[in-house]
Amino acid sequence: MDLPVDEWKSHILQKWFLLPESFRVTICTAETLSDIFLHSSSLLQPEDEIFLKRLSSGYLVRKDPDAPLFYREEGNKKFQEKDYMGATLLYSKGISHSRPNSEDISLCYANRSAALFHLGQYETCLKDILRAQMHGYPERLQPKMMLRKAECLVTLGRLQEASQVISDLESNMAVKQTLAPSQFHILQGTLCRLKMKVQGKENLTESSPSILTNAFEEMNLREENEQISSASSSVGLCTDPLKGRCLIATKDILPGELLVKEDAFVSLEAARLQTSLKSSQPEAAAGPAMCQELHVWGVAMLRHMLQLQCNAQAITAIQQTGSKENIITDSRQVRLATGIFPVVSLLNHSCSPNTSVSFVSTVATVRASQPIGKGQEILHCYGPHESRMSVAERQQKLRSQYFFDCNCLACQTEKHVRAAGPPWEAFCCNSCRELMQGDDVLSCGNASCTETVSRDRLVSQLQDLQKQIGMAQKLLRNGKVERAIQLLLGCQRDAASFLSAEHRVVGEIEDGLAQAYAALGDWQKSATHLQKSLQVVEVRHGSSSVEMGHELFKLAQIFFNGFAIPEALSTIQKAEKLLLVHCGPRNDEVQELQEMKSCLLDLPRIPVGPSV
């Protein structure tokens, strides 16, 4: 638009000098633009309007049809230079020169929304997207802008709207397949990433383990519970006529909630126990005073040593195993020390506990591993767990070390249910694959099958099989992957002839094959075998166990390295959820899962730059 600015300025200047001095002072001292406008508007006379119209009659007063393209292209240059503010101003000029309901104005609005997106102005970006659509934004460019809209909605936490946009976009893509294959795959990847973002944020809005663990992680539990030091307010002390002192829930407790965080009253590293005892012996004959002091120390040490058997807690850690070159990690629990934890020792035993214990140095952290109702007892496993030992083994171990007969729900159930033993230790019939039952001589559980076999023979077969697995694992450690795979595949065939599909040794074979194929970079086969191992772990330890968390962590590594993005993100979410409940947010595996997730979510998305 071209106006006679100089002529009009000259006209106004003449009028200015004709104004009374007091009026000019009033205008000059006005504090706001609004005040200036109020004072000046009364000065405009009809002859001024006539003068302006006469001046304008000789000028072109309409939108320049070439201007929108010019400003849009200049704006695109600024956008490429990442000068998003400069691009926004140029796109705005293009809008001012565009006619309503034209492609020009819709493109300028869409391009400005891209610049605003990069400036973090998500609400304004959404408004420009709406304006672009209202002015007839081209159908061929809609997917790109709809992705930008979904990104804004996710960032703003408007998840239901974001889900609807994603769903609509997927439907349109299925009906109108107008994109080139390369663009289609990029779009699909971006949609998948956005869906995972929505799902992740939706989980966070609930009472999820991550919220609970982070909320309780920094809590000073010494000040939280007036009755029990180092315990949360959710924990209360109770006295049972049969069990003695025990801890109960004072309110409903959710999985992942921090219940106890206690530093060891005294601890001793396992490797230094013998050395410490030896170093306490006198080097020469001691006098009467020294002997009396040694007597006092000896009595105190004897008392603590006697307490260790019943009240001490093993301080453990998850240790990575295998060579450092392995892409897929394996781990096992190792005992680092023994400690006395006065509050933790108040927890009674269950072979199927409702808590998990983890350690950072000598600090024990007890978290709820499942929902615990108000008034329900908080239980801890002293070692014999239902997923690791049979009921007879557990009863014998608890009786010999802790001097009580366990009557927990797991023990009561197993005594009446398991005739063939747990499935992770069971043998199966070579003829019909049913489980074998019995003591010294096993018979098929299928009434129509007459197969029998001695237990000794099956145990011997199992021992031979385990030797073969050990040889394969040694080959794998020595880098002889192909030979290890052949040996493990043979073990797989042998195991199928006499072991149940959920037998722990079957799981070991599948896990070994997964590691071997991962070493070769065959991620698909590796994932297939690890998923079979995962089924064994789930049957043995349960779907919400920490063992499932560790195994899912390995599967997430495989999917991540194989660039299977949807599968990786889904598995990361499952593993993170479990490990947060059992181990907390500072756990190494949780940290690595979060890094993998961040890496996958930050992969280059479909460009959100200007359309054209």
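Guide: Start with a scale for cover: a residue is buried under 20% relative accessible area, exposed over 50%, and partly exposed in between, using a 1.4 Å probe and protein chains only. R455 has a relative accessibility of 31%, so it counts as partly exposed. That residue is our spot.

A word on the ground rules. The model is predicted, so local features need pLDDT of at least 70 and side-chain atom pairs need pLDDT 80 or more, while totals for chains, interfaces and linings use all residues. Numbering runs from 1 along each chain as its sequence is written, and side-chain values use heavy atoms, with hydrogens and water left out.

Now place R455. It belongs to helix α18. Helices here are DSSP runs of H or I with at least four residues, strands are runs of E with at least two, and both are numbered from the N terminus. Helix α18 covers residues 455-477.

Which residues does R455 touch? Leave aside neighbours within four places in sequence, and its contacts (heavy atoms within 4.5 Å) are F427, G438, D439, D440 and L442. S443 gives another reference point. Between the C-alpha atoms of R455 and S443 the gap is 9.8 Å, and along the sequence the two are 12 residues apart.

Next, look at the strands. β11, β12 and β13 form an open sheet, in that order, and the pairing is antiparallel. The edges belong to β11 (436-438) and β13 (452-454); each has a single partner strand, so one side of each has no neighbour in the sheet. From one strand to the next, the twist averages 35°. Pairing here requires at least two bridges found by DSSP between two strands. β11 and β12 have 3 bridges, and β12 takes in residues 441-444. In general, strands of a sheet pair through backbone hydrogen bonds, either parallel or antiparallel.

α18 lies across β11, β12 and β13. Its direction is at about 70° to β13. Such angles run from 0 to 180 degrees between N-to-C directions, with axes fitted to C-alpha atoms, for helices over the stretch in contact.

Rings of Phe, Tyr and Trp (its six-membered ring) pair if their centres lie within 6.5 Å; planes under 30 degrees apart are stacked, over 60 edge-to-face, and the rest tilted. That rule finds 7 aromatic pairs. In one of them, F79 and Y84, the ring centres are 5.1 Å apart and the planes meet at 70°, so this pair is edge-to-face. F427 and F498 make a stacked pair, because their planes are at 20°, with ring centres 6.3 Å apart. F427 sits in the loop between α17 (409-417) and β11, and F498 in the loop between α19 (481-496) and α20 (504-519), so the pair ties together parts 71 residues apart in sequence. Both F427 and F498 are buried. Elsewhere, Y382, Y402 and F404 form one aromatic cluster.

With a relative accessible area of 42%, A496 is partly exposed. Not counting residues up to four places away in sequence, A496 touches C428 and R433. A496 and R433 are 63 residues apart along the chain, yet 8.8 Å separates their C-alpha atoms.

Now step back to the whole chain. It holds 24 helices and 13 strands. Buried residues make up 40% of its 612 residues. Take contacts between residues at least 6 apart in sequence: 61% of them join residues at least 24 apart.

Two other helices are worth a glance. H11 is in α1 (residues 5-18). Its relative accessibility is 16%, so H11 counts as buried. Beyond four places in sequence, H11 touches D48 and F51. Q142 is in α9 (residues 142-155). At 15% relative accessible area, Q142 is buried. Beyond four places in sequence, Q142 is in contact with Q133 and Y137.
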